[in-house]
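Hi everyone, thanks for making the time. I'd like to walk you through one structure today, so please have the viewer open.

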Amino acid sequence: MAMAGGGSNSLPSPSCGDDKKRRVCYYYDPGISTVDYGEGHVMVPHRVTMAHNLVAAYGMLGDMHRLRTAPATAAELADFHDEGYLALLQDLTPDGCGGDDGVGDMARARGIYAVEGKGGGRGVDNPVFDRLWDYCLRYSGGSLAAARALGSGTADIAINWSGGMHHACRGGARGFCYVNDIVLAIRELLAHFRRVLYVDIDVHHGDGVQAAFEASNRVMTVSFHQHGGGFFPGSGAVADVGKKGPGRYCALNVPVSVGIGDEEYHRLFEPIMARVMEVFQPEAVVLQCGADSLAGDRLGELNLTTRGHAQCVSFIRSFNLPLLLLGGGGYTINHVASCWCNETAVAIGKEIPNDIPKHGFDVFYKNQEYKLHYKLETKHLHRNRNTANSIDGIRMAAMENLSKLKLEAAASVQFEERRHRSINVGDLYYDPREQEEEEESPTARLHRKLYFEPTGDQESLYTKHRCNVQPGESSSRKQRKLK
């Protein structure tokens, strides 16, 4: 499919570590914005809408080709997930999970629980909520569409910030994740590429993805994550290299302790990933960009900045391989939106200013002084438990594990059988000649009317708002939740 116009070509940028242009495509489904895990739950899917509105405010939508909104089907999810589990997900509702028909028991056996009482979402990782099945189809459909865009050769980088649910298992939910869109996307990529590399910079170990592929030598999983002290999920020690067999040493884990910052993180990330690229020689890369590894996250205890986090994206981008960027964790949602907006700019290769533009959601960036790259006072950072010796020891152990990786040079029969899976490129993208301008959200429209369109000599209410609203203030319960 020919890309109409030049907007889908990215630009060279000194922030990206290379001067190559990229064709970037982008997936956003507004239906995800209203998904609610329940009062008190730290997972707020609306963060994806906040990131999207920030991307739009910075004028980056025109630099990417938009993928059509296309929820996955049950058959597509069954490419990995147990059909009995999928049948349960389709039938689960908050009202129907507490009866005596055994549905609640079946849900609990799969890691999903009914929420009882006000604020019950605080104590349940995987609650039953309205439109749960629809939510799973929507974020999984985005990752499949992005993978197909790469497989078709019409994009160099594909983005789905609503994806990245790396904990979900074949037959159950775990860690806020119900369906593992990453596994589905990698399986799609394996139909077009000989070897796929999965890299995870979420604060939590990418256990679900590792388990799905640890018997394969066509997928390598590399996870950088907080480890120790009972931190979820508890797996991902440096000695965890996968099961015996062809996939042995195709699982690489890089565990770090509480409080690691940018400099130490990249003393691990860059040399290890450079060696991974050399040894594994992937043909495509999936990068899970969980933002809970940022300083100030509500769950994570690392001290990465938005620039340090984005440096990982920039480094992987510099290898000039087909690249799928996915979301993941992240529970201080204004930080999440800032992070993924900035990494969209890195993918495109576009320099964007630190001052957040005026738009319908910018009130939620008040506590970071309307700056994309927020700063935290030292007292709000976690004490760094990593030492120079521990960082060197982890790096050397990871390199030792990589030295034991042995791969066959020839393509497998499985690849030869799957590589011809057809893609209807015409169904992947919106036609820019027909696509209407994205409808302005009610929130953005109201905000613009109130603050951006004063009449006569009236002073902009927006200016007054920025001067008078104090950190932590909000005009509604919904805004308090989104802070």
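Let's start with the annotation: an unreviewed UniProt entry lists H167 under "active site". What we have on screen is a predicted model, so please keep that in mind as we go. In this model, H167 sits in the loop between β3 (157-160) and α6 (181-189). Is H167 buried or exposed? It counts as buried, because its relative accessibility is 3% and the cut-off for buried is under 20%.

Now for the surroundings of H167. Setting aside residues up to four places away in sequence, H167 touches R174, G175, C177, N180, H204, H205, D207, G208, F232 and P233. Its side chain also makes a polar contact of 3.1 Å with the side chain of H166.

Keep H204 in mind, please.

Let me take two of them in turn. D202 is in the loop between β4 (196-200) and α7 (207-213), and at 1% relative accessibility it counts as buried. Its side chain makes a polar contact with the side chain of Q288 at 3.3 Å. Among the residues in contact with D202 are H166, F224 and D292.

D292 lies in the loop between β7 (284-288) and α9 (306-317), and it is buried too, at 0% relative accessibility. Which side chain does that of D292 join through a polar contact of 3.2 Å? That would be H204. The residues D292 touches also include D297, G300 and Y331.

One last stop: α6, the helix at the end of the H167 loop. It is mostly covered, with 8 of its 9 residues buried. One of the buried residues is D181, whose side chain makes a 2.6 Å polar contact with the side chain of S143. S143 is found in helix α5 (residues 132-151) and counts as buried at 0% relative accessibility. S143 is also in contact with A185, another buried residue of α6.

Key:
Residues numbered from 1 in each chain as written. Predicted model: local features only at pLDDT ≥ 70, side-chain atom pairs only at ≥ 80, totals over all residues. Heavy atoms only, no water. UniProt positions renumbered as here; feature names shortened; annotations may be inferred. Helix = DSSP H or I, 4+ residues; strand = E, 2+ residues; numbered from the N terminus. Buried < 20%, exposed > 50% of the residue type's maximum accessible area, 1.4 Å probe, protein only. Contact = heavy atoms within 4.5 Å. Polar contact = N/O pair within 3.5 Å; in protein donor to acceptor, adjacent residues only side chain to side chain.
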